[in-house]
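Hello,

Here is the structure I promised to pass on to you. Please have a look at it first, and then read my notes below.

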Amino acid sequence: MTDFAALSPLVAVLVALLAIAGAALALIGSVGLLRLPTFYQRVHPPTMGTTGGVGLTLLASMLLFSTLEARPVVHEIAIAVFMFVTTPVTYMLLMRAAVHRDRPGDER
Amino acid sequence: MRSRLPFPLLWLSLVAMWLVLNGTIAFGHAILGMVVALGAVLGLRTLQVPARRPRKPITALSLASVVLYDILHSNVAVAAIVLSGRRHGRAGFVEIPLELRHPTGLAVLACIITATPGTSWAGYDSRASVLTMHILDLVDDEASIRAIKERYERRLMEIFE
Amino acid sequence: MSDFLSVSLLVAQLMLALAMAFAVIRLLRGPRAQDRVLALDTLYVDAMLLMIVHGMRQATTLYIEIALVIAMLGFVSTAALARFLLRGEVIE
């Protein structure tokens with residue numbers, strides 16, 4: 001489709017493996033979100049997507065574009081830092097909300 | 001207004017980040033990056049976060065590598081639980097008495113625990129300084145408490161207290 | 001070799017699309033509001049990854065900025081929703 005022909009086989013295989021592993025972690029995270037029985041258990045699997053999934057996919061992207069453009073492309077680091085800072089905030093707010101709403105006498 | 005530049009290290013890393021993201025070390029970009037980073041640190045100063053010079057960089061590095069290893073390890077562990085549907089223990093809450101008091105240290109600990117699949121931060125009582133967390137595969141309460149205290153809390157206390 | 005990479009990236013995209021579908025099912029099924037917010041959070045992370053992989057397949061870095069925008073909007077919306085569940089109002 002595009003100019004992947006210029007890539008060395010080693011880089012191509014590495015990028016492919018990283019991208020598929022990252023996507024697999026995100027997919028398993030969503031499967032867990034769907035399959036696990038209670039909310040407190042369902043909180044855990046999506047974290048795989050936000051740590052391993054994001055990390056591996058961004059590594060693949062950095063490797064691919066740095067090789068294609070023959071210069072270090074590190075825009076992905078901005079996303080990685082942003083995700084690392086924001087994910088705990090969302091999850092902690094959500095956990096606190098769940099604990100708050102599960103208090104006895106709160107019928108919602 | 002103090003004349004000293006607030007958060008000099010943060011300012012320097014913001015400028016570096018700006019140059020790396022733009023992919024140049026051109027003079028104009030360096031000036032622009034410095035101005036933007038100055039705005040950021042001045043804005044941060046109005047939030048009055050407790051400034052803290054990083055101490056013990058070696059301990060911080062060892063903490064980072066331990067956290068990276070644990071995140072990778074628990075990614076695989078949680079994936080195995082989701083795919084097989086089997087686990088060693090049960091899911092449950094654990095209460096951990098903490099000795100760590102520094103707010104930044106607690107924030108970092110919260111980030112670590114939430115970022116690791118399989119453990120999540122469920123609450124913190126600042127008066128009793130007891131942390132409640134939820135663990136997906138809880139085999140032994142005592143072992144989990146010891147792991148948190150020895151792997152993360154001890155290093156965080158060295159860095160922040 | 002270039003075909004191999006294109007096909008692999010396509011497979012990764014399909015896996016991410018499936019992950020988004022599962023998140024949507026959880027979003028619709030609930031049962032409680034916190035489950036739906038959690039599903040929304042998962043949905044936007046998966047969508048962001050899909051954008052990055054799409055950009056890799058098109059060999060353009062343009063989609064990284066799009067992914068960053070998705071990440072920012074997703075964070076703000078889920079944080080606001082979680083806060084709404086906690087307090088019943090977003091701004092006090």
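What average pLDDT does chain C have, and what percentage of its residues score at least 70? Chain C averages 86, and 92% of the residues score at least 70; pLDDT is the predictor's confidence in each residue, from 0 to 100. Where pLDDT is low, the predicted coordinates should not be read in detail.

Some housekeeping. This is a predicted model, in which local features need pLDDT of at least 70 and side-chain atom pairs count only at pLDDT 80 or more, while totals for chains, interfaces and linings use all residues. Residues are numbered from 1 along each chain as its sequence is written, and chains are lettered from A and ligands numbered from 1 in the order in which they are written.

For the complex, the predictor gives an ipTM of 0.84 and a pTM of 0.84. Within chain C, the lowest mean pLDDT among the elements is that of helix H3 (residues 62-87), at 87, and the highest is that of helix H2 (residues 33-58), at 89. Helices (H or I, at least four residues) and strands (E, at least two) are DSSP runs, numbered from the N terminus.

Now the interfaces. Two pairs of chains are in contact, and chains A and C share the most contacts; residues count as in contact if their C-beta atoms, placed from the backbone, lie within 7 Å. The contact between chains C and A takes 46 residues from chain C and 54 residues from chain A. On the chain C side, H1(C) gives the largest share, 16 residues. That side divides into 31 nonpolar, eight polar and seven charged residues (Ala, Val, Leu, Ile, Met, Phe, Trp, Tyr, Cys and Pro count as nonpolar, Asp, Glu, Lys and Arg as charged, and the others, Gly among them, as polar).

Chain B puts 22 residues in contact with 26 residues of chain A. Of the chain B side, H3(B) supplies the largest share, six residues, and by class there are 15 nonpolar, seven polar and no charged residues. Chains B and C have no contact with each other, and their closest C-alpha atoms lie 11 Å apart.

Lastly, a helix pair in chain A: H3 (residues 46-68) and H4 (residues 75-101) pack at an angle of about 170°, with axes 10 Å apart. Axes are lines fitted to C-alpha atoms over the stretch in contact, and angles run from 0 to 180 degrees between N-to-C directions. H3(A) and H4(A) are therefore roughly antiparallel (angles over 145 degrees).

Happy browsing!

Notes. Angles under 35 degrees count as roughly parallel, over 145 as roughly antiparallel, 65 to 115 as roughly perpendicular and the rest as oblique.
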